[in-house]
Amino acid sequence: MATTDYGVNHPLAVKAWSKKLFVEALKQTRYEQFKGRTGTDSLITLKDETQKGPGDRITIGLRMQLTGAGIQGDGTLEGNEEALTTYSDNIYIDQLRHAVRSGGKMSEQRVPFSVREEAMSGLRDWWADRLDTFFFNQIAGATTQQTQANASTSTSTDTRYSGNQVALAPSSNNLMICSAALDTTEASLSATTTFSLKLADIDRAVAKAKTLNPAIRPMKVNGENMYVCFMHPYQTYQLRANTSTGQWQDIQKAQLQGGKIGDNPIITGLLGTYNNVMLVEDARVPPVASSVTSSTSYRRAIFCGAQAAGIAFGQDFADGEPAWVEELFDYGNQLGVGSRLIVGLKKMVFNSQDFGTIVMSGYAPAV
């Protein structure tokens with residue numbers, strides 16, 4: 001009797017399994033929830049030039065609005081033209097790889113699970129974690145990155161944790177300190193500063209977003225214009241614990257709601273919406289850089305609009321999925337499972353100003 005078998009190294013088996021695993025991994029990430037295609041209405045914009053041809057960098061241009069008064073009547077227009085003002089930013093892509101290798105057939109014999117299956121699952125989780133680590137270190141401007149969720153300090157300067165490129169500090173116009181004095185630098189944070197994130201800070205961020213030049217545009221979510229504010233669970237606790245008039249507990253009773261946005265199963269971790277801002281909790285929101293303060297009691301909430309970040313992939317990664325490889329070593333005794341992805345993720349910055357983010361730094365001690 002003839003049988004059809006698909007062994008460990010059969011390309012169809014590997015491809016089908018790895019695709020399913022990575023799709024499942026993406027569902028867990030903020031990156032996937034807020035990534036769009038090549039349009040301009042999503043938080044993370046896909047730039048596909050390096051998927052179509054060679055190159056390791058994509059340059060993105062920004063044209064500012066014309067500001068001239070114009071010429072009335074029969075006044076002479078010639079000689080009174082206005083020059084275009086343009087700025088640029090770029091996304092660099094690089095290859096990132098990781099792998100798991102068994103100790104050998106005898107080692108695998110001793111355990112009650114499949115090393116191959118656990119290796120694939122482990123790499124799936126690793127990619128999900130790394131893409132979100134890219135995302136939050138970039139949009140928070142973490143010049144010293146956190147390498148895992150809930151880190152109390154951020155000390156790494158390794159670009160493998162920041163989208164394969166350096167994370168740039170928040171621009172001065174796009175940094176807010178949660179304080180009564182409306183300070184604009186994190187140098188004001190000290191062991192005695194206990195001003196935490198409040199709804200009034202979110203109102204201030206909305207006003208700032210609308211009046212910056214260029215303004216931070218809202219995203220389109222279920223047909224509505226929305227911003228998003230990412231908060232660490234410690235910041236959520238401070239926000240909810242505030243019993244002052246007009247703060248969380250008062251607003252919760254009357255205005256804070258999810259509405260149609262909250263019915264979207266894609267946006268998990270949604271606490272509600274306030275002033276057309278989705279409040280989203282995530283443990284990867286980084287602490288204030290250790291180079292700024294030695295205290296671990298401060299976090300950077302991140303207010304975002306459309307095109308806050310851009311992502312690009314290399315050729316053969318059209319769907320942003322890693323390539324998976326399985327190999328046998330030592331005459332077939334050891335199995336190795338590896339994956340690779342050519343990718344770059346970056347916060348958009350034009351003319352030294354963050355294009356779609358406002359960082360709100362405030363008191364958020366461990367609970």
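In this predicted model, the number of disulfides is zero. Cysteine 178 takes part in no such bond, its nearest cysteine sulfur being that of cysteine 229 at 8.8 Å. Cysteine 304 likewise has its closest cysteine sulfur in cysteine 229, 8.2 Å away. Because a disulfide requires sulfur atoms within 2.5 Å, the distance from cysteine 304 is too far for a bond.

| Residue | Relative accessibility | State |
|---|---|---|
| Cysteine 178 | 2% | buried |
| Cysteine 304 | 0% | buried |
| Threonine 357 | 0% | buried |

The largest nonpolar core comprises 39 residues, among which Leu43, Val228 and Phe230 touch the most other members. Several elements each supply at least two residues of this core, including strand S1 (44-47), strand S7 (224-231), strand S10 (298-304) and strand S13 (334-347). Helix H5 makes the greatest contribution, with 10 residues. A second, separate core has 21 residues, among them Val206, Ile216, Met231 and Phe303.

Beyond its neighbours within four places in sequence, phenylalanine 230 is in contact with residues that include Leu43, Phe135, Phe136, Ile139, Ile302 and Cys304.

Threonine 357 lies in strand S16, which spans residues 357-363. Threonine 357 counts as buried because its relative accessible area is 0%. When residues up to four places away in sequence are set aside, threonine 357 touches Ile139, Asn174, Ile216, Ile302, Phe303, Cys304, Ala308 and Lys347.

Technical notes. Residues are numbered from 1 along each chain as its sequence is written. This is a predicted model: local features need pLDDT of at least 70, side-chain atom pairs count only at pLDDT 80 or more; totals for chains, interfaces and linings use all residues. Side-chain values use heavy atoms; hydrogens and water are left out. Helices (H or I, at least four residues) and strands (E, at least two) are DSSP runs, numbered from the N terminus. Buried means under 20% relative accessible area, exposed over 50%, partly exposed in between (1.4 Å probe, protein chains only). Contact means heavy atoms within 4.5 Å. A nonpolar core is a set of buried Ala, Val, Leu, Ile, Met, Phe, Trp, Tyr and Cys residues joined through side-chain atoms within 4.5 Å.
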